[in-house]
Amino acid sequence: MPAQQPKKIIIIGGGIVGSATAYFLTRHANYDPELHSIVMLEASSIAVASSGKAGGFLASWATPKCLAPLSFKLHQSLAQEHQGDKLWGFRPVYAAEVELQADEIDARNLHLPPRPGISDDRPSDLDWLLPGSVTEYNEISTPSDSAQVHPYLLTNKLAQLAEASGAAIVIGTATSIDYSPDGSSVASVTYTSQGETTVLEATDVLVAAGPWSSKLLPQVKLLAPKGHSIVIQPSRDPISPYILFPKIHAANPILSPEIYPRPKDTINDFETFYASGPDYYDVPLPDLAAQVTTEQEKCDDVWHAVRTVSQEIRDGKIITSQACYKAQVRKHADGEEAGPIVGPLPVTGLWLATGLDEWGIQNGPGVGLVMSEFILEGRATSADVGALDPKHWI
C-alpha cells in the first residue's frame, strides 16, 4: 500500500455539511492527525444559518434516493453512539399531511364557532389539535422510517466532536480560493478576521457554504429562498410527537405552516413547537449569514395560523422568531429530486457540497460521510452519488 501524502484540508462553512464532513474525516480509517490537518472555516458561528434554524425532520424516504437512506441510518447510529436523544433531541416520530379547519379568533380574542358537521379523523394520542379540527389525516411516516433532531444542537455537537479529534475551527470569512500557477489545483484559501487577512495553504478545499457557495464559486448557480419560523412554548407538556404538514382552511386565506413538536433539550427545559412558513424568492442574500434579518410580520403570520388549530399553542407564547436562507439547485415539486450538488470540481483538490434544500439536516451526515471518502480515498464508497456530481449542474 503506497504511503499516504500529507493533506491540508479546508472546509468552508460551519453548517451541517461542514460539521459532518469534519466529523467523518476524523473518523476515517485513513485519517492521521500527524499527517493531515483539517480546518473548518466559518464566517460567523457554527450553525448560524439554516443548519441552526431548520425544522429537523428526518425520513428514510427523503430525496435523493441515492443518499437519503444512508444518511437516515447515520442519524440513527450517531444518536446511539453519542446520546443524541439527550444531546440533540433525536427521537422517532410520526408524520402526517392533514387538512385542518381553523378555529378563528376575532379582534376581541373571542372564539368564532367552528364550522358545523366537521368529523375528526386522527390518532387518539394526537391530542394537541382542537377537537373537530381534523378533516383529513394522511399518515406519511411512522417511527420506523422517520425521526427528528434539533438542528442547531446536532450541528454544534458534530463540530465539537470533530474538534476534539483534531480538527480546528476558525472564525473568519473566506474571500478567495487560490490556485496553482497553471490553475490545475488548489493552493490556499484567503480569509479575513477582525480586519486581518490570513492565507491558509491547502491541498483540498471543500466549499460547503450553503447559498453563499456561489460567492466563492460564481460558476455555481443557486437559488436562495428565504423562510421564517418561530419556536413556541406551549401551555402544557408532554406533547405527542406528530410532525404535521397541514393545509389550514379558514374564512380568509392564511398560511399553512409546518408544525414540529420538540422534546425538552439542552436549550429549553420544556417542550416546544417549531413552526415554519413558506419560502420567498424576492429577498436578496446578504453577504454573511449573521446579517440575515427577521421580518416580524412574516413570523406573525405563522403565529396567527398555528394558533387557530391548537389550544396549547394559542395559550402558549413565542420564544424565538427567526429567518434563514436555503441553498436550492432549482425550484421543484414535492418529492421531485433536484440536487444536491456533491463531489469534485474540475480542479484537483476542489470539492463542492451544496444545494441540500429542504432535506439539509436529513442529508447532512450522508453528504459528510461521502465527502470524507472523496477527500481521503478519491471516491465515494458508502453510496453511489454519481447523479449528484457537480458536472450535472455546472
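This is a predicted model: local features need pLDDT of at least 70, side-chain atom pairs count only at pLDDT 80 or more; totals for chains, interfaces and linings use all residues.

Visitor: Fine. How many helices and strands does the protein chain have?

Guide: The protein chain has nine helices and 19 strands. Both are DSSP runs numbered from the N terminus (helices are H or I, at least four residues; strands are E, at least two).

Visitor: And how compact is the chain for 394 residues?

Guide: As compact as a globular protein of that length, because its radius of gyration is 22 Å, close to the 21 Å from the globule rule. That radius is taken over C-alpha atoms, and the rule is 2.2 Å times the number of residues to the power 0.38. Along its principal axes, the C-alpha trace spans about 75 × 40 × 40 Å.

Visitor: What percentage of the residues is buried?

Guide: Buried residues make up 55% of the 394. Buried means under 20% relative accessible area, exposed over 50%, and partly exposed in between (1.4 Å probe, protein chains only).

Visitor: Let's go inside. Which residues touch the most other members of the largest nonpolar core?

Guide: Ile11, Ile38, Trp88, Val367 and Met371, out of 51 residues in that core. A nonpolar core here is a set of buried Ala, Val, Leu, Ile, Met, Phe, Trp, Tyr and Cys residues joined through side-chain atoms within 4.5 Å.

Visitor: Which elements give two or more residues to this core?

Guide: They are β1 (7–12), α1 (16–27), β2 (36–42), α3 (68–82), α5 (151–164), β19 (350–354) and α9 (360–377). The most come from α9, with eight residues. Apart from this core lies another, of 26 residues, with Ala96, Leu100, Cys299 and Val309 among them.

Visitor: Tell me about Ile38. Where does Ile38 lie, and what does it touch?

Guide: Ile38 lies in strand β2 and counts as buried, at 2% relative accessibility. Not counting residues up to four places away in sequence, the contacts of Ile38 include Ile9, Ile11, Ala22, Leu25 and Tyr31. Contact means heavy atoms within 4.5 Å.

Visitor: What about His28, buried or exposed?

Guide: His28 counts as buried, at 13% relative accessibility, and lies in the loop between α1 and β2. Leaving out residues up to four places away in sequence, His28 touches Ser372, Glu373, Leu376 and Glu377.

Visitor: What lines the largest cavity?

Guide: There are 14 lining residues, with Thr63, Ala338, Gly339, Leu356 and Trp359 nearest its centre. The largest cavity holds about 80 Å³ of space. The second largest cavity has about 30 Å³, and Trp88 and His150 are among the residues lining it.

Visitor: And which residues are closest to the centre of the second largest pocket?

Guide: His150, Val231, Ile267, Thr320 and Gln322, out of 15 lining residues. That pocket holds about 190 Å³ of space, and β17 gives the largest share of its lining, three residues.

Visitor: Last topic, the backbone. Where are the cis peptide bonds you have for Thr63 and Asp237?

Guide: A cis bond joins Thr63 and Pro64, with omega about 0°, and Pro64 lies in the loop between β3 (57–59) and α3. The bond from Asp237 to Pro238 is cis too, with omega near 10°.

Visitor: What is phi for Gln194?

Guide: Near 50°, a positive value in a residue other than glycine. Gln194 counts as exposed, at 83% relative accessibility, in the loop between β10 (186–193) and β11 (196–201).

Note on methods
Residues are numbered from 1 along each chain as its sequence is written. Side-chain values use heavy atoms; hydrogens and water are left out. On a 1 Å grid over the protein atoms alone, a cavity is a set of points where a 1.4 Å probe fits but cannot get out, and a pocket is an open set with protein on both sides within 12 Å along at least five of seven lines; lining residues have an atom within 4 Å of a point. Grid points are joined across faces, edges and corners, and a volume is the space filled by probe spheres set on the points.
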